[in-house]
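Me: Hi! I have a structure open here and would like to talk it through. Could you take a look with me?

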Amino acid sequence: MIEVVPLKAFTDNYIWALVSKESVYIVDPGDANPVLEFLNKNNFTLDGILITHHHFDHTGGIKTLTSKYDVPVYGPVNNRIEGITHELKENDSIMVFNEKFKIFEVPGHTLDHIAYYSESSQKLLFCGDTLFSGGCGRLFEGTPAQMHNSLQKLKSLSPETLVYCTHEYTESNLNFAVVVNDENDFLKDYYSEVKTKREKDEITLPSSIEKELSINPFLRLTDENIISNASNFASMTINKEVDTLKTIREWKDNF
Ligand SMILES: [Fe+2]
């Protein structure tokens, strides 16, 4: 059994710690300090590092951590990331403790972005900045079509899959989602729940694929209400999923 613990970093990042007995794997250590504090406080040792994409707030801690611990660093094929020891591609898999994690290539936010998915006894998804609760990553490098394809992969996973994103963006994502999907009553109720949690500085993650299918406009591209609002925003008739995604992503970028 893997316990997943959030370590807060920067203003709104979560570095995820996967803990089994006294051993830890770390996902996207943008900063080494919260990781070292966590390891020292609990007398844990570091067993490995998983990286989703090249952005500094996901990779900045690699050097310090590997200078103290000689561990494997898994990550995408991208020589801009220093310290990767095991490059991963679509359909590769790695063992984390006794759990097998499959690798998905999920370009869109960046071109090198990968996600880690365990479907054995625990269904866990570490999706970096590709899928957020109530939203998706900005398209810094990829196209709407690439992001659409990446999100299709993630939305087809088991509904009970727990979704571990890297940022606490849920409230601001839902602030937009309730406008673009204004007839979604489940979403409105969930938005109130999230606001209450955030007032108390509580974490809103992990989410689940099942929940995201109900609340996340970027996974609900066939919803007539969203298509109609997107068409109004773009002043054109939209009839392709990828065009709905493109429009609501642009809308959200300037929201
Ligand atoms: Fe990023």
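**Salt bridges, metal site and sheet**

Reply: Happy to! One place to begin is the salt bridge that Lys188 forms with Asp185, where the closest N and O atoms are 3.6 Å apart. Keep in mind that this is a predicted model.

Me: Thanks. Where do Lys188 and Asp185 sit relative to each other in helix α6?

Reply: They are three residues apart in α6, which spans residues 185–199, so about one helical turn separates them. Lys188 counts as partly exposed, at 37% relative accessibility.

Me: And how many salt bridges does the structure hold?

Reply: There are ten. One of them joins the side chains of Asp253 and Arg249, at 2.7 Å from N to O. Both residues belong to helix α9 (residues 241–253), and they are four residues apart, about one turn of the helix.

Me: Which residues are linked in a network?

Reply: Lys8, Arg198 and Asp201 are linked in a network of salt bridges. As a general point, side chains of opposite charge can pair when their charged atoms come close.

Me: Switching to the metal. Which residues are the protein donors of the iron ion?

Reply: His53 through NE2, His55 through ND1, His109 through NE2 and Asp129 through OD, at 2.2 to 2.3 Å from the iron ion. Their spacing in sequence is H-x1-H-x53-H-x19-D.

Me: What parts of the chain does the pair of His55 and His109 tie together?

Reply: His55 is in the loop between β4 (45–50) and α2 (56–59), and His109 is in the loop between β8 and β9, so the pair ties together parts that are 54 residues apart in sequence. His55 is buried, with a relative accessible area of 17%, and His109 is buried as well, at 4%.

Me: What's the geometry of the site?

Reply: The site is irregular, with angles of 87 to 171° among the four donor atoms.

Me: Good to know. What are β8's neighbours doing around there?

Reply: β8 (residues 99–105) runs antiparallel to β7 (residues 93–96), with four bridges joining them. Val96 has Glu99 in β8 as its bridge partner. The β7 and β8 hairpin has two residues between the strands, and Phe97 there takes a positive phi near 55°. β8 also runs antiparallel to β9 (residues 114–118), through five bridges, with Lys102 opposite Tyr117 in β9.

Me: Last topic: what is the strand order in the open sheet of six strands?

Reply: The order is β1-β2-β3-β4-β5-β6, with mixed pairing. β1 (3–9) and β6 (86–88) are at the edges with a single partner strand each, so one side of each has no neighbour in the sheet. From one strand to the next, the twist averages 25°.

Me: How many bridges join β1 to β2?

Reply: Seven, and β1 and β2 (residues 13–20) run antiparallel. Val4, for example, has Leu18 in β2 as its bridge partner.

Me: Which strands does helix α1 lie across?

Reply: α1 (residues 32–42) lies across β1, β2, β3 (23–27) and β4, and runs at about 135° to β1.

Definitions and conventions: Residues are numbered from 1 along each chain as its sequence is written. This is a predicted model: local features need pLDDT of at least 70, side-chain atom pairs count only at pLDDT 80 or more; totals for chains, interfaces and linings use all residues. Side-chain values use heavy atoms; hydrogens and water are left out. Two strands pair if DSSP finds at least two bridges between them. Donors are N, O and S atoms within 2.8 Å of the metal (3.2 Å for Na, K and Ca); water is not among the atoms, so sites may look incomplete. Four donors count as tetrahedral if all angles lie between 85 and 135 degrees; four count as square planar and six as octahedral if opposite donors are over 155 degrees apart and all others between 65 and 115; anything else is irregular. Buried means under 20% relative accessible area, exposed over 50%, partly exposed in between (1.4 Å probe, protein chains only). A salt bridge is a side-chain nitrogen of Lys or Arg within 4 Å of a carboxyl oxygen of Asp or Glu. Axes are lines fitted to C-alpha atoms, for helices over the stretch in contact, and angles run from 0 to 180 degrees between N-to-C directions. Contact means heavy atoms within 4.5 Å.
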